[in-house]
Amino acid sequence: MKNSLNTISRLMLLAFSMFLLYSCAKDEDTPPVSTTDFSEGIFIVNEGLFPSGSGSVTWFKMDGSDRTPKLFEKSNNLLPLGNLAQSMTIINNDGFIVVNNANIIRAVSLKTFQQKGAIEGINLPRFIVNTGDGNAWVSSWDNKVFVFDPEALTVQGEVSTGTGPEKMMKVGEALWVLNQGGYSIDSTITIIDINARQVSQTVMVYPKPTGIQVDENGNVWVMCSGHGWNGWPASGDSRGHLVCIDPSDYSILVDLEFPETDQHPEKLEINAGGDELFYIYPGGIYKQSIASANLELAKIMNHANGFYSLDFDSKNDVIYATDAGDFQQDGWVYRFQTTGTLIDSLQAGVGPTDVCIGN
Amino acid sequence: MIIFYLTLTASWTFAQKLHPDSIYMLPDVRVSASKIVTYSAGQKVESIDSTLISGSGNVGLGELLYRNSSLNINRYNLNGLNLLSVRGTTSSQSSVYWNGFQLNPPNNSLIDLSIIPANYFNDISILYGGSSSLYGSGNIGAGIHLNNKPVFKKLQYLSFYNSIASFHEYSGNIKAIYANPKWYFKTQVMGRKAQNDFRYKSLEGEYENFANAALRQKGFMQDVFRNFKGRNISGISLWYQENDKEIPATLTSKPADADQKDRSLRGVLSSKQFIPKGFISAKLAVFNDYEHYIDPDSLQVLEIDSEIETTRIQGEVSMNKQISKSTMFDAGVELIHLTGKSVNYAQQINQQQAGIYLLISQRFLQNKWVANLKMRQDFNTDFTMPFTPSLGLEGPVINNLKIKATVSKNFRIPTFNDLYWIPGGNSELKPETSWNQDIGLLYKTDTASRIDFYSELTAFNSMVDDWIMWIPDGALWSPLNIRRVWARGIEATAKSNVSFGKVKAGIMANYTYTRSTNEKKLYDNDPVYQKQLIYIPKHRFQLSLNLVFAYWVVGVDQSYTGERYVSADNTESMEGYLLTNMYVQKSLIFNNDRLILKAEILNLLNEEYQAVLYYPMPGRSYSISIQLIIQ
């Protein structure tokens, strides 16, 4: 018995020393000092680990080489970006990263990616549009859009919108705000006079507007996704619509209806020429010519898992589509020519949601 | 009078030994109270020392188990969600039972161990590994069994407990027992209030007070049992619990304003009729759980104002009988009716379940070896349930060294949320199934020896198929039977009690090594293939030591949780952390009454750590308590 006791006490000692070893083996990460100029490149905004993780920005050179994951953390003494990074917009030589669930908009120098300042306190911010008049606008889930000074980083004012404002676009002297509806339903576009900072018109379209573009003729195309979920039919579902609106009188020039109530088109991008539209539809990326009188439903790229978001590099006429996977591991960004030919794929961070092309 | 803490060393209740209070003095001692005790041969069973339970004040079950067992518990903040993760499985794959009935609500199967006051119960046992053959669904990782067991002897007991702790925590409870050979009455009332406004370091490096983390709890438990001359024991246990918890922000998110209010009303009616060499048991349970979560900030667009109400009505009849000197069996039927109401379900959910089981325990080789064969078949209105057999074997190899082995089939049914949540619920889901194997060696000194030593070494292995995961497709998340997970590891436990003159020392150490990996490739080059599941530490170590002398007790406990991956492809992880706690306790005795004073330092080494990503935890903190026991 004595022997076995000894063996057991030795085993315990071994286990205990192992445990000491582990507890001492903490290592401190130190950020590498970077000399790279980041302004010419691709910024992929990643939402981050679901649910409590931090978002990140993955940077690539335009040719897809020189990947830098967690660019913001690395450039800012390991400060995490925050929970649920949503979008990034470039204004002059600064990047503005909207971190939705942290109520923060971080302004960084594009060159060094070091934080210059931040706007805090806008509740659940989403997307930013630069109106070029020394101001920028940000949409917020408080059912408002806020106007701010991107230099001074101060909020100048706010305008109430419909429910769940998301994507916006400057059209002439107006800001078009898509009221996506959040978890309820909204079918409107709030049109704001950017000088008067007042609502000038509310345009009724179809449920859940998710994408907006201006074509070569100056007409505004809006993708209305329709209410409901893909492949998960429920009562109250409605069909998607792609509509073309004349910005002078808000009349609907073209109204293209999608065939299914449980298959929803989403997002909207336009080529550099302004005559070809791209959108996500279950199974891949589809295109639509602005001249066509009918819905073409022309698939240019097949992707069974579906894409999470869509962006366009109008300088190089390249489509960017993100695959966010399960939000528990790194996702991917695919680059396509407008014909649908795959150029390459870029390894993003966790949950890539927005692609911002540098200067 | 029992001298309170002299029982401490004597009652280091080694595995499978029950607290003396809970053993009925019946003519045939072999007819014991619980299915676990009689039919768990071959499996690892750990009982939490009864003095630890009764001395735990109003501490949550999660905290008690984290400090005194090898269980891995993921703790979100102080007093935040405490979720079990045992043997490489997730929290919904283990269950918590109260008097034999599952507490995990059917909507999400998650049980928050932080809001269950540990000292409500006089018996807490952990049944490691699969136990679907005993208890049906939800028993892949482990089962925690909480019991209120009556004692039929003359006893009048009244206890008042009060404590004050750091971060504005005030708590108290009253416990009253009146018992005689015929009756047993026990009333317990508890209340607890805490601000949890501890100082933490923000990501920017500034120290701030943690906000929106307050907790308010009140609860009531009543047991009434009647002993009809040892021929029948019948009784009722009622438990009402109310919790109001603010839900704090993580380090990376905006200040929070969310709040969750829960209330649970649970009742168990039981009757045990003793027959020659056995008993017939009939039980009925009615549980109702209501949860209301509201987040004012996100209300406008996300409509996060969620109410969920679930009900479990369960009836159970079984017969346990010894049919020869070495053979015993238990056969039973269970009927379960579950309901769920939520704005996220299209209508009220009703689910009917039934289970039939036969358990056989056979002794052989001079009754020193025990083998058991357990068979159970469940039925459910929503899906086909697997047949779950189990085979266990246990016996001495040499002298004090015992060997244990089990093989079992286990399963977990999808939750109401998995099946019916709008949007995304998937009514086509199948139950998760697993095969579990354990082998263990147990060494125990003879009870007469001066040094009491006990150790157990267990290797476990399980393969879980049709593992359910919520996967996004665009913006829609839906659950699928998508994974196969191989969980295996080693658990080592050692306990010892030694006397040096008037000083008695007790030591306990636990170490767990866990590998739990994803064994199914979803596509070529799947980066998650063969990677460790998130939040499952490979290493966990727990150590506690106490010294008892002349009404004084001094104790130290330490637990280490190793590195945990937080991303499924194992590219991101959190570092391990070591927590040390220390306490001093003094009992003052006045005739039959006693006053117990206790002072405790938690996180003595002021470790800065997170148990779950970006949920800060407090540094060093203090608590003092006073308990008056009148007998």
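## A walk through chains A and B

Start by selecting helix α4 (residues 61-68) of chain B: seven of its eight residues are buried, so the helix is largely enclosed by the rest of the structure. Here, buried means that 20 or more other C-beta atoms lie within 10 Å of the residue's own; with 12 or fewer a residue is exposed, and in between it is partly exposed, the C-beta atoms being placed from the backbone. Helices (H or I, at least four residues) and strands (E, at least two) are DSSP runs, numbered from the N terminus.

Before you click on, note that this is a predicted model, in which local features need pLDDT of at least 70 and side-chain atom pairs count only at pLDDT 80 or more, while totals for chains, interfaces and linings use all residues. Residues are numbered from 1 along each chain as its sequence is written, and chains are lettered from A and ligands numbered from 1 in the order in which they are written.

**Around α4 of chain B.** Colour the buried residues of α4(B): B:Leu61, B:Gly62, B:Glu63, B:Leu64, B:Leu65, B:Tyr66 and B:Asn68. Now show what they pack against in chain B: α3 (50-54), β2 (72-75), β3 (82-85), β27 (539-549) and β28 (552-561).

**Where the chains meet.** Next, select the contact between the chains, with 43 residues from chain A and 46 residues from chain B. Two residues are in contact if their C-beta atoms, placed from the backbone, lie within 7 Å. On the side of chain A that touches chain B, helix α1 (residues 2-24) of chain A gives the most, with eight residues. That side of chain A has 20 nonpolar, 19 polar and four charged residues. In this grouping, Ala, Val, Leu, Ile, Met, Phe, Trp, Tyr, Cys and Pro are nonpolar, Asp, Glu, Lys and Arg are charged, and the others, Gly among them, are polar.

**Two cis peptide bonds.** Zoom in on A:Phe50 and A:Pro51, which are joined by a cis peptide bond with omega about 0°. A:Pro51 sits in the loop between β1 (42-46) and β2 (56-60) of chain A. Then go to chain B, where the bond from B:Ile422 to B:Pro423 is cis, with omega near 0°. Look for B:Pro423 in the loop between α7 (416-420) and β23 (432-444) of chain B.

**Two positive phi angles.** Select A:Leu78, a residue other than glycine whose phi is positive, near 65°. Its loop runs between α2 (71-75) and β3 (85-91) of chain A, and A:Leu78 is partly exposed, with 14 other C-beta atoms within 10 Å.

Finish at B:Asn99, not a glycine either, with a positive phi of about 50°. B:Asn99 lies in the loop between β4 (95-98) and β5 (101-102) of chain B and counts as buried, with 23 C-beta neighbours inside 10 Å.
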